[in-house]
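Subject: Structure handover

Hello,

Here is the structure I promised to pass on. Please open it first, then read the notes below.

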Amino acid sequence: MKLTIIIPVYNLKDYIERCVSSLGNISDAEIEILIIDDGSTDGSDIICDNLSQTNKCIRVIHQKNMGLSEARNTGIANASGEYLCFVDGDDYLANGAVKQILNAIKTNSDIYLIDHANVYEGKKMYTIEKKFNPNLSVMSGYDVLAMNGAISAWSSICKRSFLYDNNLYFTPNIVHEDFEFSIRLYSLAKTVEHISVPIYNYVCDRTGSIMNSKNIKSAIGYATSAVLTRNFIRKRNFNKRQIRIISDVVSVGFTFSTERMDLLIKESDKKRIIDFYRNNLKDIVYFLWHSNISHKMLAILLLINIKFGVNTYKRIRNLKNV
């Protein structure tokens with residue numbers, strides 16, 4: 001099996017058929033479509049089963065609702081393909097995408113990085129091209145991470161043995177799980193190639209999507225990357241440059257967390273996030289301090305007083321944007 005396409009589904013009855021049909025008329029014995037129904041209650045499970053009956057390449061696994069991380073992990077654990085790619089059930093691929101992927105993965109790199117188009121109201125508004133050294137056909141994962149920051153799971157086509165050998169799975173029970181996952185993924189990848197074609201269509205405006213959520217879990221999800229990544233790097237002997245690259249990415253994630261906190265209305269929710277920062281301040285400050293001057297300043301402000309530090313940094317940031 002050359003390629004496994006993993007599609008996590010939870011209550012996506014209005015989208016899943018579009019997603020699967022965008023893969024094309026797949027009948028190749030070297031390709032499998034693995035749909036993980038994560039305890040859907042809206043009839044998505046029936047649609048998935050019907051799709052599997054029309055195409056022998058489609059396999060459906062039903063599980064109780066455990067979240068996107070566990071759905072993807074189930075896909076990784078049950079995949080047969082030499083390479084894995086993730087497609088969220090509310091997104092879809094461009095015409096000919098699967099063929100382009102199959103043509104690219106013949107060179108045996110750890111990861112293939114793809115471009116994508118952002119879709120609003122059913123229309124492709126603009127393309128996001130990943131940064132890649134134009135003079136190189138292959139880059140290290142660290143260099144890719146330094147140029148792009150955290151990378152969405154669906155932007156990365158991964159060699160299955162690379163994931164297994166490095167025990168690379170998504171952390172359960174957190175939101176924005178691929179933010180932290182991509183740090184581990186790319187910091188361990190020795191070879192990354194770029195498929196410089198927007199073959200993925202990312203739907204940005206679906207009501208209820210994780211990226212459009214404005215809740216406490218979103219803010220804490222980004223901040224949790226500091227705690228998880230600190231545990232990750234403790235087990236490895238990274239050099240100063242590698243620590244700097246990782247710290248830059250984690251620090252940006254922390255600023256995302258503070259921005260998500262600004263969107264909350266309830267003061268009790270904001271207090272819970274401040275308490276999370278306080279309880280994990282050592283890990284947060286570690287990455288801020290190993291990042292750029294702006295993040296170092298934020299670290300100092302947080303050490304003085306967390307709430308004061310967050311608010312002061314926000315005001316400084318707003319002044320810079322004026």
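Start with A226. A226 is buried, at 3% relative accessibility. This residue sits in helix α8. Please keep in mind that the model is predicted.

Leaving out residues up to four places away in sequence, A226 touches V250, D283, I284 and F287. The C-alpha atoms of A226 and S247 are 8.8 Å apart. Those two residues are separated by 21 residues along the chain.

Helix packing

Stay with α8 for a moment. Helix α8 covers residues 216–234 and packs with helix α7, residues 177–188. The angle is about 35°, and the axes are 8 Å apart. Their crossing is right-handed.

Which residues make the contact of α7 with α8? From α7 come F179, E180, I183, R184, S187 and L188. From α8 come Y222, S225, L228, T229 and F232. By type, the contact residues are 6 nonpolar, 3 polar and 2 charged.

Aromatic pairs

The structure holds 12 aromatic pairs. Take F86 and F170. Their ring centres are 5.5 Å apart and their planes stand at 90°, so this pair is edge-to-face. F86 belongs to strand β4, residues 83–86, while F170 lies in the loop between α6 (160–165) and α7. The pair therefore ties together parts that are 84 residues apart in sequence. F86 is buried at 1% relative accessibility. F170 is buried too, at 2%.

A second pair is F179 with F256. This one is also edge-to-face, with 6.3 Å centre to centre and 70° between the planes. F179 is in helix α7 and F256 is in helix α9 (residues 240–262), so the pair ties together parts 77 residues apart in sequence. F256 is partly exposed, at 32%.

Ring pairs link F86, F170 and F181.

Cysteines

How many disulfides does a search of the whole structure find? The count is 0. Two cysteines show why. The closest cysteine sulfur to that of C48 is in C19, at 9.5 Å, which is too far for a bond. For C85, the closest is in C158, at 9.3 Å, again too far for a bond. A disulfide needs the two sulfur atoms within 2.5 Å. C48 is buried, with a relative accessible area of 0%. C85 is buried as well, at 5%.

Backbone

Most residues other than glycine have a negative phi. Two asparagines here have a positive one. N108 has a phi near 75°. N108 lies in the loop between α4 (97–104) and β6 (111–120). N108 is partly exposed, at 39% relative accessibility. N173 has a phi near 65°. N173 is in the loop between α6 and α7, and F170 is in that loop too. N173 is exposed, with a relative accessible area of 72%, whereas F170 is buried at 2%.

That is the handover.

Best wishes

Technical notes:
Residues numbered from 1 in each chain as written. Predicted model: local features only at pLDDT ≥ 70, side-chain atom pairs only at ≥ 80, totals over all residues. Heavy atoms only, no water. Buried < 20%, exposed > 50% of the residue type's maximum accessible area, 1.4 Å probe, protein only. Axes fitted to C-alpha atoms, helices over the stretch in contact; angles between N-to-C directions. Helix = DSSP H or I, 4+ residues; strand = E, 2+ residues; numbered from the N terminus. Left-handed = near helix turned anticlockwise from the far one by under 90°. Contact = heavy atoms within 4.5 Å. Nonpolar A, V, L, I, M, F, W, Y, C, P; charged D, E, K, R; others polar. Phe/Tyr/Trp six-rings, centres within 6.5 Å; stacked < 30°, edge-to-face > 60°.
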